[in-house]
Amino acid sequence: MSEKKNAFRFRFPEFLLIGLLLVSNIVLNFSSGGFILDVKKIGFSVFSTVEKGVHFVVKGVTDSFNAVAELKKLKKEYNTLVIKLENYEKMQRTNADIRKENERLREQLNFSISMDEKNYPAQIIARDLDDVYAYLTIDKGSVNGIKKNMPVVAFQNGNTGLVGKVVRVGSFTSQIMPVYNLNYMVSARVQNLRDLGLVNGNGNQDKPLVFQHIRKKVKDELSIGDIIVTSGENDNYLKDIPIGTISKIESPVYDSSLDIELIPIIDFARLENVIVVNQKQLNDRKGEN
């Protein structure tokens with residue numbers, strides 16, 4: 001067995017011979033350029049791989065910067081479009097308001113022209129909403145022909161209604177006492193009856209008017225929604241101008257007349273334009289042949 005083991009053992013001279021053969025083979029390959037091409041290929045591969053990696057990194061960074069810049073640009077354009085849209089919507093609302101205002105003024109003008117009496121269209125420029133002494137101020141005065149005690153009407157939502165009367169006149173403005181003023185009083189009647197009464201205010205535009213001195217015996221002839229109009233007595237007001245509609249009818253035991261409340265024909269909270277009427281002069285009716 002020991003002899004068999006020694007048969008596979010290499011001695012030093014044999015190792016030396018094998019080593020010399022390997023070295024001589026390597027030197028031969030170097031001298032013949034066998035390893036030069038391989039080094040170039042390896043170097044090219046390494047540098048190509050590095051260059052490709054750097055290219056992808058640089059491209060990724062560049063694309064990121066471009067994406068951020070593009071995002072900022074898109075955001076700026078979006079904000080600009082939002083502002084333009086808001087301005088467009090505001091312009092649309094403004095145009096709608098202008099159209100509505102023109103329509104109201106056109107209706108007011110047509111109503112003014114259609115009246116037999118001379119009149120002066122005016123605009124409300126101030127309101128005193130005191131519960132006792134409520135007044136409206138208009139932009140017409142004595143230089144425009146306005147005089148004290150002239151009746152004031154309005155055309156609103158297709159309806160004519162009594163607003164009040166002029167109580168104070170300046171050169172360029174005038175003050176109107178509206179029908180809801182606590183001190184206001186006007187002779188009136190039920191439109192489809194002949195019974196007369198008095199309408200006066202409750203001091204606030206949101207409160208109903210009061211219709212007094214209507215006899216109890218006509219209660220069955222009255223209905224909620226009946227229209228109360230001016231009587232035209234004493235020439236203080238135009239005749240048959242609507243004042244309000246009946247909203248409540250009560251028959252108190254302690255009084256011989258009915259307690260009647262009215263909702264004004266005119267919505268005073270939305271009233272902007274009025275017409276002051278001079279009953280003593282006829283309308284010029286400009287524009288008619």
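Let's start at Ser257, whose contacts beyond its neighbours within four places in sequence are His213, Ile214, Lys216 and Pro252. This residue of the predicted model is found in the loop between β10 and β11. Ser257 has a relative accessible area of 11%, so it counts as buried, the limit being under 20%. Gly197 is 60 residues away from Ser257 along the chain, yet 9.9 Å separates the C-alpha atoms of the two.

Strand β11, residues 259-264, runs antiparallel to strand β8, residues 209-212, and three bridges join them. If you want a spot to look at, find Val210, which stands opposite Glu261 in β11. Both strands belong to a closed barrel of six strands with antiparallel pairing, in the order β6-β7-β8-β11-β10-β9. On average, neighbouring strands of this sheet are turned by 40 degrees against each other, direction ignored.

Now for the aromatic rings. A pair of such rings is described by the distance of the centres and the angle of the planes. Searching the whole structure gives two aromatic pairs. In one of them, Tyr180 and Phe268 have ring centres 4.9 Å apart and planes at 80 degrees; angles over 60 count as edge-to-face, so this pair is edge-to-face. Tyr180 sits in the loop between β5 (174-178) and β6 (185-190), while Phe268 sits in the loop between β11 and β12 (273-282), so the pair ties together parts 88 residues apart in sequence. Both partners are buried, Tyr180 at 2% relative accessibility and Phe268 at 3%.

Tyr184 and Tyr237 also form an edge-to-face pair, with 6.2 Å centre to centre and 65 degrees between the planes. Here Tyr184 comes from the loop between β5 and β6, and Tyr237 from the loop between β9 (227-230) and β10 (242-250), so parts 53 residues apart in sequence are tied together. Tyr184 is buried at 1% relative accessibility, and Tyr237 is buried at 9%.

In soluble globular proteins, nonpolar side chains tend to be buried together. The largest nonpolar core in this model has 49 residues, and Leu162 is among those with the most contacts inside it, along with Val163, Val199, Phe211, Leu222 and Val274.

Key:
Residues numbered from 1 in each chain as written. Predicted model: local features only at pLDDT ≥ 70, side-chain atom pairs only at ≥ 80, totals over all residues. Heavy atoms only, no water. Pairing = 2+ DSSP bridges. Helix = DSSP H or I, 4+ residues; strand = E, 2+ residues; numbered from the N terminus. Axes fitted to C-alpha atoms, helices over the stretch in contact; angles between N-to-C directions. Phe/Tyr/Trp six-rings, centres within 6.5 Å; stacked < 30°, edge-to-face > 60°. Buried < 20%, exposed > 50% of the residue type's maximum accessible area, 1.4 Å probe, protein only. Core = buried A, V, L, I, M, F, W, Y, C linked by side-chain atoms within 4.5 Å. Contact = heavy atoms within 4.5 Å.
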